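Biologist: Please take a close look at the sheets in this model, strand by strand. I would also like to know what packs on them and how the rest of the chain is laid out.

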Amino acid sequence: MKKNRTEDFPKLFGNESRIKIVPLGGMREFGKNMTAFQWGNDIILVDVGIAFPDEDMPGVDLIIPDFSWLKNQKDRIRAIFLTHGHEDHIGAITWFLREYPIPVYGTAMTIKLVENKLSDSGKGARDQGSAIQNPKLNVVKDGDRVRAGAFNVEFVHVNHSIADACALLIETPIGNIFHTGDYKIDYTPVDGDPIDLHRIAQIGNDGVLAMFAESCNIEVEGFSPSEQIVGETFAELFAKIEGRIFVSTFSSNIFRMQQIITAAEQFNRKVALVGRSMLNAFEAADSLNYIDYRKNTIIDIKDINKFAPHELVIITTGSQGEPMSALTRMAFSQHRQVAINKNDTVLMSSSMIPGNEKAIYRVIDELVKRGAKVIYHDLADIHVSGHCYSGEMALLINLLKPKYFIPSHGEYRHLSMHAKLAQQMGIPEKNTFVLNNGDILELNNRFAEVVGYTEAAGVLIDGSGIGDVDDLVLRDRLLLADDGVVAIFMVIDSVQNDLAAEPIIEAKGFIYKSEINDVIKSCQNQIYSFVDNARRSKSKKNKKTLKERIDSGSLYQQIRQILYEQTRRRPMLIISTVEL
Ligand SMILES: [Zn+2]
Ligand SMILES: [Zn+2]
């Protein structure tokens, strides 16, 4: 039996003298970052991201965090704070606000992207449902402090592959928590505004109870290069390339977009943007005056034929080989305005996210087939990461000197390596926590432990709405993909309580045609003996009709068994009946 904690630590753990930290996503995975912090009757949340499904979830569009831990404490939630505008941090905001219409705080670019999402809601197939009425969106600047119940939250400027990224200083009545968000240390960032190491050092001086830190590049030693080197590579390449230049990149990386535009202007090229998310991101950044360009540099994609090839740069979505993206459609000659030809050069200015390699190389192959020259990350410095390397992580741990260390934003190996780094730097092992989604960590100045667990596996979303993909639907999709389907159709004469015609049996994607007749024959025989049995027992106690017997599932079980015995497969089985 579990020991009563309060007996062991009567003075340390009074009822209210502890903070609860509950990661609802982002632990042992990439994506759906979301964490709850609770003090007494006040809860605040940090981020509400989405994750993308694995291959074992066919047909699922995306995954959002499971909010059920919040369900019974709705009136305690004071606010949600967003660190930056990437999908793995804000992607589930629409689903969240529909259930929890609480104030949202974020910097200008973040809130712009949230607004785009909310105004799209109800339009997309992915996200059906009503639009959100009067969302309480609040724009803050770095350095701003926001009061939320017992918490004060300060936004601290960091560098990342999106504008306006922030870490959060969360002040609680018993100490400060530092949440890094996603960050890197860039001394020469494109917007000229390096991470606020001064403030971070000060926060460290004041004392940090707990540090919550991103881990994704922990395996890479040293310090990440500055985004600026990508600009230098662009300038070198643009100087040599004669025909049209295509650059694919993540649409939200407006620093990258800026550097492409700057290089284009340097070599007197116009810039056209293709892909909806690219245009959206440009508009959002442009409305905040975050992009610096000459008035006539940007042209509409419809006008590219008015310019010579050496006068054009086309920035496009599709850096991950996404099937519907502009670059993929161009590569497969399915784009309305742009056809790739042998004088074109395509720069893939992004990393390959693990799992996407196949799709990306497929697009590269198609581009090469059409004669284009393709330059990707392995061949030139046309991408740097927006995430810190282990040297930067060590620097931040050193500046903040937290009592407790909680690595986040990574798979298990990343979190565990990051925890080891903290231990090497003097944080006792018992004060580092490699958490699971749903772990309830309680801590105060003297003590910290995981006291419980809440459901937080995530909610699967497919085309039709929220959470309606249950395990049964998923299981069916896997069955269909693996073992195919067998469908049996029977017409029943309800007066005679007998079959009115021979049962029809169809199989698709199940076994080879040559083997199928034997299996169908066995199924038919089974059906006939089932019907005979039903008729014979009709006159006795059991008054069930043939249809009722079939609907009760016993025929289904018998047929399944025959299919398995004869083929060692478990296809999806559908039995349908009509009564005459
Ligand atoms: Zn990010
Ligand atoms: Zn992230």
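Modeller: The account below starts with confidence and layout, then turns to the sheets and a helix pair.

This is a predicted model, in which local features need pLDDT of at least 70 and side-chain atom pairs count only at pLDDT 80 or more, while totals for chains, interfaces and linings use all residues. Residues are numbered from 1 along each chain as its sequence is written, and chains are lettered from A and ligands numbered from 1 in the order in which they are written.

The average pLDDT (the predictor's confidence in each residue, from 0 to 100) is 89 for the chain, and 90% of the residues score at least 70. Two stretches stay under 50: residues 1-13, with 10 contacts beyond four places in sequence, and residues 124-128, with nine such contacts. A contact means C-beta atoms, placed from the backbone, within 7 Å.

An automatic or database assignment divides the chain into domain 1 (20-222 + 386-461), domain 2 (228-379) and domain 3 (471-579). Between the C-alpha centres of domains 1 and 2 there are 31 Å. Domain 1 gives 13 residues to their contact and domain 2 gives 14. On the side of domain 1, six of these residues are nonpolar, five polar and two charged (nonpolar: Ala, Val, Leu, Ile, Met, Phe, Trp, Tyr, Cys, Pro; charged: Asp, Glu, Lys, Arg; polar: the others, Gly among them).

Now the sheets. One open sheet has eight strands in the order β7-β6-β5-β3-β2-β1-β20-β21, with mixed pairing; strands are DSSP E runs of at least two residues and helices H or I runs of at least four, numbered from the N terminus, and pairing takes at least two DSSP bridges. Its edges are β7 (137-139) and β21 (448-453); each has a single partner strand, so one side of each is left without a neighbour in the sheet. Direction ignored, neighbouring strands are turned by 25° against each other on average. At one end, β20 (residues 439-443) runs antiparallel to β21, joined by five bridges, and Leu441 stands opposite Val450 in β21. Helix α5 (residues 108-120) packs on this sheet and touches β6 (104-106) and β7, its direction making about 155° with that of β7. Axes are lines fitted to C-alpha atoms, for helices over the stretch in contact, and angles run from 0 to 180 degrees between N-to-C directions.

Another open sheet has six strands, ordered β15-β14-β16-β13-β17-β18, with parallel pairing. Its edge strands, β15 (298-299) and β18 (373-375), each pair on one side only. Three bridges link β17 (residues 345-348) to β18 in the parallel sense; Thr345 is opposite Lys373 in β18. Packed on this sheet, helix α9 (residues 276-287) touches β14 (270-274) and β16 (312-316), at about 120° to the direction of β14.

Finally, the helix pair. Helices α6 (residues 197-206) and α12 (residues 390-400) pack at about 45°, with axes 7 Å apart. The two are therefore oblique to each other (under 35 degrees is roughly parallel, over 145 roughly antiparallel, 65 to 115 roughly perpendicular, the rest oblique). Leu197, Ile200, Ala201, Ile203 and Gly204 of α6 meet Leu396, Leu399 and Leu400 of α12, a contact of seven nonpolar residues, one polar and no charged.
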